[in-house]
Amino acid sequence: MAFRQRGYPANKAVLHKLLSARYELAKLLGFDHFADYITADKMMGSAASAASFINQMTELATARANQDYAVLLQRLQQIHPEATAVGDWQKIYLENLVRNEAYSLDQQEVRQYFSFAKVKNGVFQLVENLFGVQITPWQTNVWHPSVEAYELRENGQLLGRFYLDMHPRTGKYQHAAQFGIRDGVQNVQIPMAALVCNFPGGEGGSDLLEHAEVETFLHEFGHLIHTIFGGHVPWARFAGTNTQRDFVEAPSQMLEEWVWDAATLKSFARNERNETIPDELVEKMNQARNFGKGLQVRHQMFYAALSLNYYNRDPKELDLDQMMTDLQKRYSPFPYVEDTYMYASFGHLDNYSAIYYTYMWSQVIAADMFGEFKQNGLQNKAVATRYRNTVLAPGASRPAAQLVEDFLGRPFNFEAFGESLRDGQQQ
Ligand SMILES: [Zn+2]
């Protein structure tokens with residue numbers, strides 16, 4: 001309760017003021033409300049489409065979510081036999097218990113295969129093999145001794161340059177992100193980017209990454225190759241990752257799939273004794289990954305609905321608390337806890353405004369695009385080349401839906417994502 005009271009009541013007034021100012025701005029520009037304004041240049045196109053997406057996803061995830069929920073409730077009843085519902089505050093604790101017990105997955109056992117140097121080489125190798133490019137050190141000045149610089153070439157031709165600033169130090173940015181340094185423009189300038197992350201392997205201490213960090217590494221590297229491969233268009237405005245915002249995560253979300261693939265992992269994941277990561281361990285990792293997917297989608301759709309419904313009306317007619325409790329009841333499997341005010345500390349209501357749906361939206365597209373690889377092989381160079389040419393290379397010079405259609409040969413749909421919810425469903 002204390003966690004969900006952060007920022008309350010002070011931020012209630014701030015949020016209302018923000019909603020009102022944005023509403024006024026949207027009206028001045030001729031829109032009905034801010035949600036229509038902010039979605040107009042996205043793939044989604046309108047607030048009404050966002051609303052129907054949220055409902056479709058909720059429906060798609062419901063069977064799986066009910067099953068996940070039943071597992072959590074069963075586990076809770078082993079502790080409190082009289083329990084009839086799982087509280088929002090018990091969810092994460094129970095999920096971890098189930099993951100540990102049902103899949104006996106020990107993250108420390110997993111970690112031994114992921115030294116920073118091996119992971120870096122593995123990511124480089126994967127990108128080199130898939131896309132037929134070469135990554136070589138670039139001799140240049142850097143801003144800290146631990147920073148490395150590289151060039152990415154294809155048959156000798158320079159396509160882009162990048163920096164890796166991968167380990168924590170005092171005063172540094174604390175998350176993991178790709179930063180564009182220079183947009184690429186055909187025959188004018190070569191694209192440049194940097195990954196700024198905080199992985200183990202700096203001065204002193206262990207250099208072993210958790211599997212989630214390996215996934216993050218590849219995710220951010222996905223943005224980097226988008227910047228580089230997409231940095232050869234005629235206009236900087238349309239280079240690389242300047243795509244529609246509700247698409248930009250899809251290429252990186254798709255690339256994450258490779259760190260769950262046994263063949264890819266076995267190409268680089270080795271421990272100190274030079275033993276390759278065992279198949280059984282990768283299998284267990286995948287099973288544990290699947291647990292809780294349905295609940296996760298339902299909960300994300302609650303957040304998406306909140307973000308949309310705060311912005312798709314005149315704030316004068318909006319009761320922040322009433323709307324939150326109504327939507328939680330409708331979208332989340334976990335009941336609202338009295339005297340909590342999550343909107344007062346949900347920062348995405350500011351920076352994402354009405355479009356919190358984007359994360360799930362790009363996941364759906366990522367799953368559909370990944371289907372091509374799933375069907376033809378994750379190491380299939382022909383598919384990878386086609387993907388690079390149709391989706392990454394054009395950058396933002398075409399609407400994102402068109403890029404995806406060029407790759408798939410048809411408009412994208414929800415089927416692959418729906419199937420991934422059925423995959424690994426508990427028997
Ligand atoms: Zn990202």
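These questions and answers go through aromatic pairs, charges over rings and a few other local features of a predicted model.

Trainee: How many aromatic pairs does the count come to?
Mentor: Rings of Phe, Tyr and Trp pair if their centres lie within 6.5 Å. By this rule the count comes to 35 aromatic pairs.

Trainee: Is the pair of phenylalanine 34 and tyrosine 37 stacked, edge-to-face or tilted?
Mentor: The ring centres of phenylalanine 34 and tyrosine 37 are 5.3 Å apart, and the planes stand at 50°. Planes under 30 degrees apart count as stacked and those over 60 as edge-to-face.

Trainee: What separates phenylalanine 34 and tyrosine 37 in helix α2?
Mentor: The two residues are 3 residues apart in helix α2. That spacing puts between phenylalanine 34 and tyrosine 37 about one helical turn.

Trainee: Is phenylalanine 34 buried or exposed?
Mentor: Buried means under 20% relative accessible area. Phenylalanine 34 has 5% relative accessibility, so this residue counts as buried. Tyrosine 37, with a relative accessible area of 29%, is partly exposed. The answer for phenylalanine 34 is therefore buried.

Trainee: How many residues apart in sequence are the parts that phenylalanine 53 and tryptophan 361 tie together?
Mentor: Phenylalanine 53 and tryptophan 361 form an edge-to-face pair, 5.0 Å centre to centre with 85° between the planes. Both of these residues are buried. Phenylalanine 53 lies in helix α3 (residues 47–79) and tryptophan 361 in helix α14 (residues 358–376), so the parts tied together are apart in sequence by 308 residues.

Trainee: Which residue has its backbone nitrogen 2.8 Å from a polar atom of the side chain of aspartate 368?
Mentor: Aspartate 368 is found in helix α14. At 4% relative accessibility, aspartate 368 counts as buried. The backbone nitrogen lying 2.8 Å from a polar atom of its side chain belongs to asparagine 413.

Trainee: What is the area of the nonpolar surface patch made by Leu25, Leu28 and Leu29?
Mentor: One of the three residues, leucine 29, is found in the loop between α1 (10–28) and α2 (34–39). Together Leu25, Leu28 and Leu29 make a nonpolar surface patch of about 310 Å².

Terms used. Residues are numbered from 1 along each chain as its sequence is written. This is a predicted model: local features need pLDDT of at least 70, side-chain atom pairs count only at pLDDT 80 or more; totals for chains, interfaces and linings use all residues. Side-chain values use heavy atoms; hydrogens and water are left out. Patches are made of residues with over 30% relative accessible area and no salt bridge: like charges are joined within 9 Å, nonpolar side chains (Val, Leu, Ile, Met, Phe, Trp, Tyr) within 5 Å. Accessible areas come from the Shrake-Rupley method with a 1.4 Å probe; for residues, only the protein chains shown count as cover. A salt bridge is a side-chain nitrogen of Lys or Arg within 4 Å of a carboxyl oxygen of Asp or Glu. Helices (H or I, at least four residues) and strands (E, at least two) are DSSP runs, numbered from the N terminus. Rings of Phe, Tyr and Trp (its six-membered ring) pair if their centres lie within 6.5 Å; planes under 30 degrees apart count as stacked, over 60 as edge-to-face and the rest as tilted. Buried means under 20% relative accessible area, exposed over 50%, partly exposed in between (1.4 Å probe, protein chains only). A polar contact is a pair of N or O atoms within 3.5 Å; within protein, one must be able to donate a hydrogen and the other to accept it, and residues adjacent in sequence count only if both atoms are side-chain atoms.
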